Each structure stands twice: as C-alpha cells, then as structure tokens.
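Student: I would like to work through this protein with you, going from its overall layout to its ligand and then to single residues. Could we take it one question at a time?

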Amino acid sequence: MNPTPLPEAHATAERRPVRRVVIAGGGTAGWMVAACISKVLGKALDIRLIESDEIGTVGVGEATIPTLLTFHQLLDINEQAFMAATGATFKLGIRFEGWRDVGEDYIHSFGMTGKDHWTAGFQHFWLQGRQRQLAGDYGDYCLELKAAEQNRFAHLPRAGMNYAFHLDASRYARFLRQFSEGYGVQRIEGKINTVHTDAATDHIRALRLDSGAEIEGDLFIDCTGMRGLLIGETLKVPYQDWSHWLHCDSAMAVQTHSVGEPVPYTRSMAHGAGWQWRIPLQHRVGNGLVYARKHLDDEPARALLLSRLEGEPLTAPRIIRFTPGQREQTWRGNCVAIGLSSGFLEPLESTSIHLIQRGVLRLMQLFPSDGISAADVAEYNRQTREEIEHIRDFIILHYKVTRRSDTPFWRTCQTQDVPPTLRHRIALFQETARVFRPGNELFAENSWIQVMLGQGITPERHHPVADLMSDAELSNFLGAIRHQVDRTVAQLPSHQAYLQRYCPAPAQ
Ligand code: FAD
C-alpha cells in the first residue's frame, strides 16, 4: 500500500541545521526574543541582533498582562531588579471609562470574581442575588478589582494577587539587552538595506547593512516592526487586514510628568472616535489617543489629546499609523516574524507584548536545531493564528457591545457585523449567562464576563442551580466572599508605599 502523501507544505522541508540565528530589530520584540533564545540555547547557537539607532523603535507598548510574570520566571529575571530598572508599577487591570456609555465606568481586573460551582460560574449566583436584591456590584467580589479601586497593592502568599506591570519600553529593551549580552548575544548597530534570498529555496541567506557588512544566518527572526522588512517586504507574505472590524487606524503618543501617585491600573478613556490610554510609571506617565481617521483628523486628535492630559508634556505628540490585522503566515521558510512585523491589534487589552512572548516560547518549543520541518512551520502558524483570532474577538467585543450611539464612530461600531465566533459568544451570554473558554484561549471566562457585563449585557436567564439556594444561603455565600475581599483589601498598603519599599527606580 502506498503511504498517504503529505500535503505539499509538509513535503518541502529544508533540512539544514540551525546554528546561526539573526534577529533583525531591537525593539521590545527583538530583545525579548534575544533574551529567551540566548538563555535557553545560547551555548549551542551564534546569536546576532541588528538594530538601527537611526530608525529607532515604535516607542510605545508599556502596559502588560500577568503572563509576563511567567516569561520572567522562565528567564530567572528578578522582579525587583526588573521593576527598578524600568521604572515599573503594578497593574491589576484596566479601567474602561465611558465605554458602556458616556460617564459610566467599569474595571476589567486580572482577578477571579467570587467562587464558581462546577455546574455554573459565579455569575449565575450573582445574577440570582441581584434579582433578590441580595448582591452588590459584580466587582465587589473580586480582590484585585477592589484593590485597584482603592489604589492598594501588595504581594500576597500563594500568589494571592494576580498582577502585571506598567513599564518603560525603552528601559525594558535596555534591560533585556544587558541580559542577552550576558548570554552571548552579539549586537550589531546598523541599517539593513538589502535582504539576500536564495532563489532555489526562497530562504533568506544574509542581511546586507549600509556599512557593506553581510550578516549570514540559518534562521532569521523578523523584529523590524510594522514594516516587516523580511516577512513582508522581502518574502511578500500577505497581511490580512481586519479594519472592517476594528476601525481605529492611528495613535498619537505623548509622555507627561506624573501628577500624583501612580494608580495600579491602566486607564482606557473612550472618546467620540476611539479612546485614550494613560499608563502610570514611577518616573512619568505614558499617554496616547487611539482614533479612527475616518472620524477624527490628526489636528483635532492632537487638540483632544492635549486637552485631556494631566501633567506637563515631556515629549511632542507623535503619530503612529497602523492596520489592524495579521500576516497570513508568521513563519515562512527560515524567517519567523515576531512583534509588530507579525501583525497588530490595537493596545486596548495590552496583548502585543504577550504575543511576542508566545511567539518566542512557541519557537523554542519547535526550535529547528536539526533543520526546518515544514510540519513545525505549519503547526507554528496554526497556533499563532488561533491565538490572535481569539484576542481579536475579545477586542471587537468592547466596541460592538456598547450603549453609546452619540457619534457616527460609535454608531458604526454598534451596528457593524462581527466574526461569527464572537456573535455566538455574545448570544450565549446574553441568553443564558454562560461562557466557555475554548482550548488555550488567553482570556478566561472571568475576563469575558467582566467585559460583557461591564459593556452592558444583562443576561436573560441563569443556571437553575442558583435558584435552589434559599435567601439565607445565597446571602451568606455572597456576603462571605465580599467580607473576605474587603478585609484583605483593608490590610494592603498603598500602591505607592509598596513601590517605594519594593522596587524604587533610581533617578536616570
Ligand atoms: P519596534 O519597536 O518598531 O522595533 C523595530 C526594530 O527594528 C527597531 O530596533 C528598529 O531600529 C529596527 N529596524 C527596523 N528596520 C530596520 C532596518 N532596516 N535596519 C536595522 N534595524 C531596523 N503592546 C503592549 O503589550 N501593551 C501596550 O500597551 C501597547 N501599546 C501600544 C500602543 C501603540 C500605539 C502601538 C502602535 C503599539 C502598542 N503596543 C503595545 C505594541 C508594542 O509597542 C509592540 O508590540 C512592541 O513595542 C514591539 O515592537 P517591535 O519590537 O515589534 O517593533
């Protein structure tokens, strides 16, 4: 019997051992990749990173999610040293202001809310409690959310508090550079002007710099930012454009002096044609306006941003254009795109640095030491696509489910079609209060529930198991959780006091 032929993509494997890794680009992506590969495989590889001071980095990307802790643990990065070096603060979630409707706020926190029963999540009991007027706000049952509201933070035993960081992006790149160089990464300053490919295999052979130097490699990581010099401009991997679902295509970023103590959450403040971020660091604040140019020109955007700043600007507002979407393949031949070169979703849920981390960890799991296998490439691309599509749906949710109809932008968002996967999840929650997390999806049930309730969905029904509790039982159950949350929060120090004790950033 003839064996089943492999699909073409699997049959054309190039089997050259990988010993020389070339990372093109030294932003957050380039240095995170360099840090991870050098720490794990540095002894077996020759790793070079090329970056151009003249071109610089995108200069934003300062809010993270809790998965970054795992990245640091894998790399044995000391949290206090990292936080002091990057002027970092703690982040317990994101405060969405004016998203459900003008003047209405909610927090999407990193914590768990209440306690689930195996048949039904906590939201079912909370909904029953609301009906019987026994329950407070949904957020009253979440430690991280209440701590954020009260501007408090501390590490708790047994990882009792879920958190992430706000960090200074350029200091983080510097920190990771020092780390990577310690594991043997060679940094090359220079501008890449030509990418040489091998006509027979379509693999990249070398990068030629303005200086005339040619940097050869076996595996190339494209971290050149949005232009995707290797994956897009050279290998012509198409970019899938999602702007029919996500209408914002511009951002204007500005750094300001701090006013007051840093809060332990990111602020996301909706405006008539998008939203604005405010990210507090120890030494300054990062701000930016995200907007749809179709609904707001650059000049009014600049005026709006400047009118909504708290502190004095430290930099001039800088425009960044983007197209929401994803490369059709993020690994093609011997080139893997990680970071903005691979795609970009607006920073509403601070997911880009997480996707860099996922990209490099996945690459480590599939590392082609003995030669590139087309099956590995296909698997890498499949996982990457699945992961970003989930995040895409979660971000669209914030725009689609809103009561805002005060501007053409919000009316467009409210009435637009959404991916079928998201349409199903919204309908399921709306009708039954149920949420299920498929596979390894980044955002768990509690994130979806917080945002769906926060954006204004009130489920029509809930699980009958919650109806079976008597008033006394339900009241005791809800009251005990709330009491525990309040008691713990009351014992926490202020965020600022904790930062000063734990990881003060030296003046730089
Ligand atoms: P870049 O920072 O653009 O780095 C590209 C590198 O390539 C630079 O070193 C550059 O010098 C080099 N390079 C380019 N061309 C050449 C060449 N020809 N020769 C040599 N070197 C070259 N992510 C989050 O997780 N949280 C956030 O809050 C967040 N906010 C964001 C806000 C905005 C407006 C935007 C646009 C993005 C945001 N992101 C956020 C995403 C985040 O900024 C990026 O994921 C992250 O900074 C990684 O960028 P990068 O390293 O891929 O690209």
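Tutor: Before we start, note that domain bounds come from an automatic or database domain assignment, and that the structure is a predicted model.

Student: How far apart do the C-alpha centres of domain 2 and domain 3 lie?

Tutor: The assignment divides the protein into domain 1 (15-88 + 167-242 + 324-390), domain 2 (111-153 + 419-483) and domain 3 (250-321). Taking the C-alpha centres of domain 2 and domain 3, the separation is 32 Å.

Student: Which domains each give at least three residues to the shell around the ligand?

Tutor: The ligand is surrounded by 35 residues, with Gly26, Ala63, Ile192, Leu340 and Ile353 being the closest. By type, the shell comprises 17 nonpolar, 14 polar and 4 charged residues. At least three residues of the shell come from each of domain 1 and domain 3.

Student: Which helix gives the most to the shell around the ligand?

Tutor: Helix 2 (28-41) and helix 10 (352-365) each provide at least two residues of that shell. The largest contribution, 3 residues, is from helix 10.

Student: How much of the area that the ligand exposes when taken alone does the protein bury?

Tutor: Let us begin with the backbone, where an N or O atom of Ala29 lies 3.0 Å from an oxygen atom of the ligand, and one of Val60 lies 3.2 Å from a ligand oxygen atom. A polar backbone atom of Ile353 is 2.8 Å from an oxygen atom of the ligand. Taken alone, the ligand exposes 1000 Å², and the share of this that the protein buries is 97%.

Student: With which side chain does the side chain of Arg362 make a polar contact?

Tutor: Arg362 is found in helix 10, and it counts as buried because its relative accessibility is 2%, where buried means under 20%. Not counting residues up to four places away in sequence, Arg362 touches Tyr380, Gln383, Thr384 and Glu387. The polar contact, at 2.7 Å, is with the side chain of Glu387.

Student: Is Leu305 buried or exposed?

Tutor: Leu305 is found in helix 9 (residues 298-307), and, leaving aside neighbours within four places in sequence, Leu305 is in contact with Met252, Val254, Gln276, Asn287, Gly288 and Leu289. Since its relative accessible area is 0%, and the cut-off is under 20%, Leu305 is buried.

Terms used: Residues are numbered from 1 along each chain as its sequence is written. This is a predicted model: local features need pLDDT of at least 70, side-chain atom pairs count only at pLDDT 80 or more; totals for chains, interfaces and linings use all residues. Side-chain values use heavy atoms; hydrogens and water are left out. A residue is near a molecule or strand if one of its heavy atoms lies within 4 Å of it. A polar contact is a pair of N or O atoms within 3.5 Å; within protein, one must be able to donate a hydrogen and the other to accept it, and residues adjacent in sequence count only if both atoms are side-chain atoms. Accessible areas come from the Shrake-Rupley method with a 1.4 Å probe; for residues, only the protein chains shown count as cover. Helices (H or I, at least four residues) and strands (E, at least two) are DSSP runs, numbered from the N terminus. Ala, Val, Leu, Ile, Met, Phe, Trp, Tyr, Cys and Pro count as nonpolar, Asp, Glu, Lys and Arg as charged, and the others, Gly among them, as polar. Buried means under 20% relative accessible area, exposed over 50%, partly exposed in between (1.4 Å probe, protein chains only). Contact means heavy atoms within 4.5 Å.
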